[in-house]
Amino acid sequence: MNITVIGTGYVGLVSGTCFADSGNNVTCVDINEEKVNQLNKGNIPIYEPGLETLFDRGQREGRLHFTTEIEGAVRQADIVFLCLPTPPGGDGQADLSAVMTVAGQLGGLLEDYTVIVNKSTVPVGTADRVRQAIAGQADEELFDVVSNPEFLREGAAVDDFMYPERVVVGTSSERAADIMTTLYEPFVRSGNPIIVMDERSSELTKYAANAMLATKITFMNEIANICERVGANVDNVRRGIGTDSRIGKRFLFAGIGYGGSCFPKDVQAIHYTAGQHGYDFKILDSVMKVNEAQKVSIVKKMEDYYGTDDFSGKQFGMWGLSFKPETDDIREAPALYIAEALVERGAKLLAYDPEAIGTFRQATSRQVLDQTTFVHSQQEALDDIDALVICTEWNEFRRPTVDNFANNMKQPVIFDGRNLYDLSRAEKAGITYISVGRPSVN
Ligand code: UGA
């Protein structure tokens, strides 16, 4: 099939590359000329495990192309995917201007029947709006608009795309449903379902999935907060409830809050949509509030430990800046809030991350930059510090086992926002170890 992907951001690039790998002829369109030039030279602007191999193969074998010319790319397409940004606008409402601008151009370009697919996370009703925008300029027989939300995790996007647990297709057109099913069949050979439903349910499915996962994490964060107060251990509680298949083992890890570009934005957006329809989505109100507090809960623990909120004269090491491992994305990363809070209290920082130093530097405040030295190894971030603060569970942070900290640090004090280490090992190693929802080790 001839596929055109409009928008070469995270979702567009991964989708386009994976569709090319399953034998389709894919053209990716972007208005950013420099980005398109770089992509044509084989330079991928994002870090995503496994992407490079598929990308190189797609380009080498002539199935993956990049252009700024939307006209030709749309005319030759059987399916056009809209993978455009939908950032939070005012009030948490998703800003649809990119999607609607492109939708406005599409009508005039359609010659043969084309399926137009919204892959971006878009508010309920967007498929209808896109349809109306196109219908103003094109015969209704010439196209269908489909909702096909993505469920890709950053850091695991290629795997999630190639082996999806389900594919959701929202369309009331049989013709479009058939084409979408044919397109996705190679990805669900193991028998996972392609679930076809109406457009609005499909659009809501994406928000419901992210809101449910964000709620699940937040629920565990609150259980962790209670564990700390009653002297229980959230690891045990997690194992205890996760083995109940109705609850499930995954996404039950307590920590310093969820971040990233998806959960915070989508929770806000579905809360807003509910409000617009006269419904107060109370659980999500709480989820947002708890998550905000959770991001800096570790700073509160530091204040309690030092018995003051004045950290002047102290230097802290920070391990991990990205919102989660295997990505350089720092959007809504707890590390941003924690760094700000520590510097506000007078501390200096030594910060290390395997991938995200560049993105962090661009996103953080002048004040934090002035007080932070960025270092290039875990070890350097331990030099001459009063305590280490762990913000992201990069695998490499698990390796320098707790046993070594006592030898490597002036003060072996660790505030761990990701529960990386075993408590009994920490105890034996003679370190002070304060984590989330587990008894402190002193
Ligand atoms: C999330 C969803 O998992 C994807 O299915 C979805 O497609 C994507 O959003 C999106 O809407 O585009 P992502 O934001 O990349 O993917 O990252 P996750 O791995 O889901 O992690 C989100 C946040 O939850 C991270 O901050 C992570 O640290 C936190 N988390 C996750 C926990 O605190 N505890 C857990 O047990 C799991």
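Two residues are in contact if their C-beta atoms, placed from the backbone, lie within 7 Å. The helices named below are DSSP runs (H or I, at least four residues; strands are E, at least two), and they are numbered from the N terminus. Before you select anything, note that this is a predicted model, in which local features need pLDDT of at least 70 and side-chain atom pairs count only at pLDDT 80 or more, while totals for chains, interfaces and linings use all residues. Residues are numbered from 1 along each chain as its sequence is written.

**First stop: the domains**

Colour domain 1 (2-197), domain 2 (207-292) and domain 3 (296-434), into which the chain is divided; these bounds come from an automatic or database domain assignment. The C-alpha centres of domain 1 and domain 2 lie 29 Å apart, and the contact takes ten residues from domain 1 and nine from domain 2. On the side of domain 1 that touches domain 2, five residues are nonpolar, three polar and two charged, where Ala, Val, Leu, Ile, Met, Phe, Trp, Tyr, Cys and Pro count as nonpolar, Asp, Glu, Lys and Arg as charged, and the others, Gly among them, as polar.

**Second stop: the ligand**

Now select the ligand and the 21 residues around it, of which Glu-154, Phe-253, Tyr-258, Gly-260 and Cys-262 come nearest; a residue is near a molecule if its C-beta atom, placed from the backbone, lies within 6 Å of it. By class, the shell has eleven nonpolar, five polar and five charged residues.

Select α9 and α11, which pack at an angle of about 115° with their axes 9 Å apart. Axes are lines fitted to C-alpha atoms, for helices over the stretch in contact, and angles run from 0 to 180 degrees between N-to-C directions. That angle makes α9 roughly perpendicular to α11, since angles under 35 degrees count as roughly parallel, over 145 as roughly antiparallel, 65 to 115 as roughly perpendicular and the rest as oblique. If you show side chains, you will find Tyr-207, Asn-210, Ala-211, Leu-213 and Ala-214 in α9 meeting Phe-263, Asp-266, Val-267, Ala-269 and Ile-270 in α11. This contact has eight nonpolar, one polar and one charged residues.

Met-220, Ile-223, Ala-224 and Cys-227 of α9 make the contact with Val-234, Val-237 and Arg-238 of α10, and by class it has six nonpolar, no polar and one charged residues.

**Last stop: α5 and α6**

Finally, select helix α5 (residues 97-106) and helix α6 (residues 126-135), which pack at an angle of about 35° with their axes 7 Å apart. Here Val-99, Met-100, Ala-103, Gly-104 and Leu-106 in α5 meet Thr-126, Arg-129, Val-130, Ala-133 and Ile-134 in α6.
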